[in-house]
Amino acid sequence: VSAGLAGGTYLIEYTIENPHQGEKISAEAAESWVKDFNYNITGALQFTVEANPTDAERECLVTVKYRFADDVVFTVKQGAAVKAGFALENVTATYFDYTVDVIPENKNLPYIVMSASPEYIIASGFETGQDYYEDDIAYFSWLGQFYGMSAAQIMQERCKVGDERGITVSNGASGVPYTFYCYYFDYDSGSLLSDVTFFTVETAKPEKKEVEFTMEYDIVEGCLVKAKVTPAGYEGDYYFDVLNSILVNDYLENMDFLNDESRVVEYWWANAVADMMKDMSNADIIANFTCVGTNPDGSPKSHYEFELLANHDYYLFAFAMEENGLCCSTPKVVKLTTGDVAMSNNEITPSVSKLTSRTATFSFTTTNDDYYVAGWAKTSDWATYGSNDAERQEYLIANTDYYLLSGNVSTSVIDLEMETEYVLYAFGSRGGVATTSQIFTQTF
């Protein structure tokens with residue numbers, strides 16, 4: 001049995017010919033670092049191997065005993081950490097990829113190279129090199145299932161040996177510090193043989209232009225922000241939008257390289273552009289997001305209305321865009337806080353028509369044009385949303401996707417389940433809060 005230097009739990013299968021009822025196997029290890037034998041798995045012996053703290057490989061003989069058979073001996077071999085590291089040479093980066101030469105100190109051992117984004121590292125909770133390795137093993141195992149291969153076999157196909165020049169990591173985002181890492185592994189088992197060596201490689205950013213923006217905004221009815229932006233002496237493309245303070249604060253708290261709100265905006269947009277490039281050209285990105293010119297209705301793109309959450313902080317921002325759609329000026333950022341929304345006296349009547357076993361038409365008739373949300377749920381689910389309307393409103397706003405509706409609305413649905421009772425519902429809402437104390441319902 002080959003064990004990784006970090007140790008872990010291992011399993012070896014066995015077969016007993018002519019077993020005797022009530023008899024079980026037992027095992028003895030010659031070394032204390034093999035322990036905790038588990039005999040309760042049918043046809044398999046489980047045991048634990050401690051991490052190898054030394055710089056030498058080691059072996060342990062394990063004797064398996066059964067009263068009516070000869071002893072069987074197997075060997076647990078555990079690798080030791082390889083102290084040789086890695087160096088990077090000729091590091092170059094563009095806006096969306098980077099290229100490196102990897103120079104290992106040990107020219108004979110196989111090694112793996114990988115890259116991870118800051119967001120992936122934070123989401124995965126990586127703290128140690130072992131965390132990165134275990135995540136890679138999980139990925140190689142997932143990949144192997146499509147090819148009928150083990151994680152170790154995938155590693156054998158992907159590994160490098162000796163100097164490896166011109167390794168390119170593509171499809172990245174501009175101005176992002178990626179973590180590039182390498183480690184040696186055992187070719188047969190895939191076990192980690194070394195510490196993980198880390199490098200930081202940052203993709204390139206466009207050269208900044210000096211562009212000043214003037215922002216004006218009004219907050220109407222608590223949560224409707226009417227804003228406009230004007231660039232000073234600049235006629236190129238620019239982007240104007242708003243970010244939730246929760247997102248901004250999360251970036252600032254978790255990513256040390258983001259030191260203020262304008263850097264967060266730049267980082268967020270660089271990742272957005274990289275994601276959109278999977279389906280859009282850079283020219284299409286600019287065409288879709290530039291605030292230069294007018295909308296189809298003739299209104300200026302530099303004027304915008306944002307329906308936001310009540311009593312919440314946001315950041316309006318604007319920046320110049322270069323030919324790839326990336327930010328090429330220091331973003332102008334303005335913080336604002338929305339207010340309370342007023343309660344509504346709207347009375348909403350839900351109704352169902354053209355009902356079949358799978359389809360129906362839902363209609364909502366209102367007494368005014370105040371905003372509301374509407375939907376339907378199985379009666380069995382409805383009972384779990386809360387014991388009163390206030391609790392159900394809180395649940396629905398927090399856990400369902402919805403659009404704000406206004407006035408009389410009708411819609412057809414085609415995915416109802418047969419012989420199932422539903423609740424059709426509607427209630428006033430704006431700014432992420434309920435504006436009617438009652439949920440208006442119709443059971444069908």
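This is a predicted model: local features need pLDDT of at least 70, side-chain atom pairs count only at pLDDT 80 or more; totals for chains, interfaces and linings use all residues.
How far is the sulfur of Cys-182 from the closest cysteine sulfur? Residues are numbered from 1 along each chain as its sequence is written, and side-chain values use heavy atoms, with hydrogens and water left out.

The sulfur of Cys-182 lies 13 Å from that of Cys-159, the closest cysteine sulfur, which is too far for a bond. The structure holds zero disulfides, a disulfide being a pair of cysteine sulfur atoms within 2.5 Å. Cys-182 is buried, at 0% relative accessible area; Cys-159 also counts as buried because its relative accessibility is 17% (buried, under 20% relative accessible area; exposed, over 50%; partly exposed, in between; 1.4 Å probe, protein chains only).

A nonpolar surface patch is formed by Tyr-139, Trp-142, Phe-146 and Tyr-147, with about 500 Å² of accessible area together. Patches consist of residues with over 30% relative accessible area and no salt bridge, with like charges joined within 9 Å and nonpolar side chains (Val, Leu, Ile, Met, Phe, Trp, Tyr) within 5 Å. A salt bridge is a side-chain nitrogen of Lys or Arg within 4 Å of a carboxyl oxygen of Asp or Glu. Accessible areas come from the Shrake-Rupley method with a 1.4 Å probe; for residues, only the protein chains shown count as cover. Tyr-147 is located in the loop between helix 2 (129-144) and helix 3 (151-158), and counts as exposed because its relative accessibility is 58%. Helices (H or I, at least four residues) and strands (E, at least two) are DSSP runs, numbered from the N terminus.

The protein has a mean pLDDT of 95, and 100% of its residues reach 70 or more. Confidence is lowest in strand 1 (residues 2-3), with a mean of 86, and highest in strand 9 (residues 98-104), at 98.

Key. pLDDT is the predictor's confidence in each residue, from 0 to 100.
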